[in-house]
Amino acid sequence: MHGGRRREWRGRLVNPPVERASTILFDSVADLKRNRPQLGTYRYALQGTATQWALAEALTDLEAGAAGTALYSSGLAAITAPLMTVLGPGDELLVPDNVYGPTRHFCDTFLKRYGVATRYYDPLIGKEIGGLVSERTRAILLESPGSLTMEVQDVPGVCAVARDRDLVTLLDNTWATPLLFPAISHGVDITILAATKYVGGHADVMLGSATATADHYDRLQHVSWDLGHSVSPDDAWLGSRGLRTMGVRLKQHEESALKIAEWLKGRLNPLLHDMLDENMVVVRGDRRTADIYATEFNRIFNHYYFRSVTEATAGEPQSVLDASLFLSEDDSWEQKYAPGTLKSKRLALYQAMTGFTRA
Ligand SMILES: Cc1ncc(COP(=O)(O)O)c(C=O)c1O
């Protein structure tokens, strides 16, 4: 992964160094005015220096068909700024029902106050999403695999419907990353990463990115600057540093997850994993073991959930259920799985597949 290593940014070094700045000096006012804020042009440090540009360019290079990448100080900011860019009062947004919790909170509070209505949909809806589109619908948010039940959406199918209806598509691609799922080439307009996770890779930086097509990048970047979003050069440098090894780390995650899954066979009841024995595998144990597993697993892996990411293919969404979500429930079980909710439907499916009932 060599993106972002422009000679003019790195000199004789392998990687661009950390360039800390706020004010940039110019020889004349005319000189300042010539420098339009954009990637590669010094203007004011809000618009970045070589350190941030290198990371943005490297992320853009991973997405064939992308025009550019805006950087943010967290993954959540990389979701909220693009939503504020494409939505306005009176609009409606479609959001998958398994979306990352704080994204849902943003939709239900800030966007609601801002006059945007949110409609939640079953993440496995695929092309049927057309049936939910109203006069007011302006954009569709996707998250695939989705938090935390890991459904893989039919991204190309949903995007094809969106294109037909002139809707903007935004994907939270944090779990798959552009290495496993280059989203723009599958029809997405704006693809988002909580770079805090696999890009950073070492739990020592908060970072987000939104990579967009030519139709959306300029506006996205300028609205983000209008909102005051910027990333420190030190954090951007950590992001670039992490990105160089993301490929090998993802391979190792997959290998390790499969080894753990094999080890858990016979110890955990039930265990669901999409890459064991071709299909999902159910392993028998008892409820107590499962509770210990869920607690221990989350502690050890610091919420990098037990999973292997698979690439979404058109028309073949796979459902991957995270055992810990179902097995670490407390006394509010009945409330959480109240009849008629999406969670209760998933639980019914899960019970039908596994024979699992609450101990
Ligand atoms: C899928 C997903 N999207 C977005 C975020 C938000 O990222 P951050 O913690 O950098 O704000 C997370 C964080 O856990 C996440 O898992």
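In the predicted model, Asp166 lies in the loop that connects α6 to β5 (168-172). The phi angle of Asp166 is positive, at about 65 degrees, although the residue is not a glycine. Most residues other than glycine have a negative phi, and most peptide bonds are trans. Asp166 has 9 C-beta neighbours inside 10 Å and therefore counts as exposed, the limit for this class being 12 or fewer.

A positive phi near 65 degrees is also found at Thr177, again a residue other than glycine. Thr177 belongs to helix α7 (residues 177-180). With 22 other C-beta atoms within 10 Å, Thr177 reaches the threshold of 20 or more and is therefore classed as buried. A further backbone feature occurs at Pro145, which is joined to Ser144 by a cis peptide bond with an omega of about -10 degrees. Pro145 is located in the loop between β4 (137-143) and α6 (155-164).

The protein as a whole contains 14 helices and 7 strands. Of its 359 residues, 43% are buried. Among contacts with a separation of 6 or more, 69% are between residues 24 or more positions apart.

In soluble globular proteins, nonpolar side chains tend to be buried together. The largest nonpolar core of this model comprises 69 residues, and the members that touch the most others are Ala78, Leu93, Ala139, Ile140 and Leu141. Helix α3 supplies the largest share of this core, with 7 residues. When residues up to four places away in sequence are left out, Leu141 touches Leu93, Leu94, Val95, Val99 and Leu170.

Leu83 is part of helix α4. Because 25 other C-beta atoms lie within 10 Å of Leu83, above the threshold of 20 or more, this residue is buried. Leu83 and Val168 are separated by 85 residues in sequence, and their C-alpha atoms are 9.9 Å apart in space.

Helix α3 (residues 50-61) packs against helix α9 (residues 233-243) at an angle of about 35 degrees, and the two axes are 8 Å apart. The crossing of α3 and α9 is left-handed. On the α3 side, the contact is formed by Thr51, Gln52, Ala54, Leu55 and Ala58, while α9 contributes Pro233, Ala236, Trp237, Gly239, Ser240 and Leu243. Classified by residue type, this contact between α3 and α9 consists of 7 nonpolar and 4 polar residues, with no charged residues.

In helix α8 (residues 217-226), the buried residues are Tyr217, Leu220, Gln221 and Ser224. These residues lie on the same side of α8, because the arc they cover around the axis is only 95 degrees. An α-helix has 3.6 residues a turn, so residues three or four places apart point the same way. The packing partners of the buried α8 residues are the strands β1 (68-72), β6 (190-193) and β7 (208-212), together with helix α4 (75-86). After α8 comes Gly228, which has a positive phi near 85 degrees.

Terms used:
Residues are numbered from 1 along each chain as its sequence is written. This is a predicted model: local features need pLDDT of at least 70, side-chain atom pairs count only at pLDDT 80 or more; totals for chains, interfaces and linings use all residues. Axes are lines fitted to C-alpha atoms, for helices over the stretch in contact, and angles run from 0 to 180 degrees between N-to-C directions. Helices (H or I, at least four residues) and strands (E, at least two) are DSSP runs, numbered from the N terminus. A crossing is left-handed if the near helix is turned anticlockwise from the far one by less than a right angle, and right-handed if clockwise. Two residues are in contact if their C-beta atoms, placed from the backbone, lie within 7 Å. Ala, Val, Leu, Ile, Met, Phe, Trp, Tyr, Cys and Pro count as nonpolar, Asp, Glu, Lys and Arg as charged, and the others, Gly among them, as polar. The arc is that of the directions from the helix axis to the C-beta atoms. A nonpolar core is a set of buried Ala, Val, Leu, Ile, Met, Phe, Trp, Tyr and Cys residues joined through C-beta atoms within 7 Å.
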